[in-house]
Amino acid sequence: MVNNAVRGKVTSPPPKQSPVGFTPTGAWALATMTGVLGYWVSLQLNPPPAKAVAAGSSPASVPSAYGTSDDLQKCLEELRAAFPSEQVSTNPNVIHEHGYSTNAHHPAADPSVVVYAHNTEDVVKVVNLSRKYRIPISPYSGGTSLEGNYGSINYAGISLDLSAMDKVLEIHEKDGDMVVQAGCRWDDLNDLLKDKGIPLFFPLDAGPGATIGGMIATGCSGTNAVRYGTAKAEWFLNATVVLPSGEVIKTRRRARKSSAGFDTTKLFIGAEGTLGIVTEATIRLAPRLPTSVSVAQFPNVELATEAVTEILNKGVPIQCVELCDDKQMEAINRGGFAGRSYPEVDSIFFKFQGTPASIKEASSITQKICKAHGSTGFISAKNEHEADDLWHARKTALWSNLAMVPGSRAWSTDVCVPMSRLPQLVQETKEDLAQHGIVGMVVGHVGDGNFHTSLLFKNEEELDKCKEAVHRMVERALALDGTCTGEHGVGIGKREYLYEELGPGTVELMKTIKNTLDPYNLFNPGKLYPDEQPASEKH
Ligand SMILES: Cc1cc2nc3c(=O)[nH]c(=O)nc-3n(C[C@H](O)[C@H](O)[C@H](O)COP(=O)(O)OP(=O)(O)OC[C@H]3O[C@@H](n4cnc5c(N)ncnc54)[C@H](O)[C@@H]3O)c2cc1C
């Protein structure tokens, strides 16, 4: 069992609270205004007759084909009979926590019931009851996703919480892999390996507290992606998945390579719980090497990204390369997490890894290249403690940003473009934010052309302005041959862009797979797959 005590550590996300200006009632009003009618409310006020979904119909076009309020009651009774009382909750606070997120800013509604699974068999039981009574089911694990990925939207139902499935089942040090339950948190796993003296780590670093199941589902990545790639690289060797039919499959064995058929593990990576519920996975580990950190200052983002391009193209062994713009550096200084103060200019954080000698060489080459591209300063950590402080400054950026405007919340964006287009996108975005009076910081995985802005808002008027700015940012990224989401996933927040980004053929292929596996559209409905007329979905 992974030690749960670490869950309260400093780097964990702050506890959930009701969004500013968004009480349950307020959020419900917004949902109603935008035409999103909650299934839960419809069950209470106007129970629809249960009816089967026509084969081949689009998942997004069959919102009312679920069980009646009687069916929901019967399903609840069977859930209560099948599980100990502590595993089934209709407590309003618990339910609310599984429907809303302070980190997401899209319409949402509470589920009807939360069920805590402890193992694959529990998940099968819930899936079978969901199918029997046609009650939708949304997986929930770390609850750190940012695009309304797990909450209810048109159709509340069962929230299946897998966070208690946090057992490490096997560690294979010689093979460089481990088998874990889907509710294990990546940061706990790395702490565990360190505590056990195993010189390996899992390199995908999504938000603090994210779990293996959620990370598979969102197709995550993070600061390490420039060196190790994303969830779509082979960090998940196999997954055990409960399908909507209730069948349990294991996508592959534990061998590092396999050419046996196409990659069914990948089918579930980025599927956001719409095709299957992941209960276990074999994750691949990388050697944990010594690291060090440097920060370079630049006159502007363009020069900074030019330097990064040359550094990466020369093959300098970089583990992470992160851009923080002048506003972000100001926030880091004011946040006080960095242990020191930095020049408040566009800066790049580099993390090097390897032997002390190779780190020294990499740092020296990097400094020279930065200088050739006009860098105005280069600060290197002198020891591990300083390196930790420097990196902590980057990792706690969100909390530093929130401290800049007391009482604010942050909308975190994550468009991604080919690297050469990044300076244009960042520049235009900064001008746009300034023009519309939005407080926003840029922090990005610049080595992948992926960047986040933290857009701060305190009320609904400012939130509306942020929404419009996010929309313009995505359109700009798409025009530059980029994507609406580099790592956070689609959820409900980015659905409207999928047709434009991927083209109708690709989206229809996704829907065909969805319809085949989940003909009753029970798994996380309303997420990922957009309606055919995206313009009508804009919110
Ligand atoms: C401060 C902060 C920083 C972040 N930084 C990053 C970053 O650098 N990179 C990045 O990629 N993301 C980042 N995120 C976003 C978030 O951490 C990721 O999206 C993460 O992968 C979500 O994992 P989770 O366990 O919290 O999933 P949840 O939020 O619980 O769920 C996410 C989605 O996965 C589905 N799901 C959950 N568990 C399962 C399962 N077992 N089987 C099938 N489907 C499932 C849910 O239904 C939902 O659709 C950040 C978030 C925060 C708050």
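Reader: Which residues come nearest to the ligand?
Author: This is a predicted model, in which local features need pLDDT of at least 70 and side-chain atom pairs count only at pLDDT 80 or more, while totals for chains, interfaces and linings use all residues. Residues are numbered from 1 along each chain as its sequence is written. A residue is near a molecule if its C-beta atom, placed from the backbone, lies within 6 Å of it. Of the 37 residues around the ligand, those that come nearest are Gly-142, Gly-207, Gly-213, Gly-214 and Gly-273.

Reader: Which element gives the most residues to the shell around the ligand?
Author: Helices (H or I, at least four residues) and strands (E, at least two) are DSSP runs, numbered from the N terminus. Strand E3 (137–140), helix H7 (212–218) and strand E10 (277–284) each supply at least two residues of the shell. The element that gives the most, with 5 residues, is H7.

Reader: How many residues of the shell around the ligand are charged?
Author: Ala, Val, Leu, Ile, Met, Phe, Trp, Tyr, Cys and Pro count as nonpolar, Asp, Glu, Lys and Arg as charged, and the others, Gly among them, as polar. By these classes the shell has 15 nonpolar and 19 polar residues, and its charged residues number 3.

Reader: What share of the chain counts as buried?
Author: The chain has 18 helices and 18 strands. A residue is buried if 20 or more other C-beta atoms, placed from the backbone, lie within 10 Å of its own, exposed if 12 or fewer, and partly exposed in between. Of the 539 residues, the share that counts as buried is 50%.

Reader: Which residue in the turn between E5 and E6 has a positive phi?
Author: Two strands pair if DSSP finds at least two bridges between them. Here 4 bridges join E5 (168–172) to E6 (177–181), which run antiparallel, and Val-168 stands opposite Val-180. E5 and E6 form a hairpin with 4 residues between them, and the turn residue with a positive phi, about 65 degrees, is Gly-176.

Reader: Is Asn-524 buried or exposed?
Author: Asn-524 lies in the segment after helix H18 (504–517). Its phi is near 45 degrees, a positive value in a residue other than glycine. Because 30 other C-beta atoms lie within 10 Å, Asn-524 is buried.

Reader: Is Asp-481 buried or exposed?
Author: Asp-481 lies in the loop between H16 and helix H17 (498–502), and its phi, near 70 degrees, is positive. Most residues other than glycine have a negative phi. With 10 C-beta neighbours inside 10 Å, Asp-481 counts as exposed.
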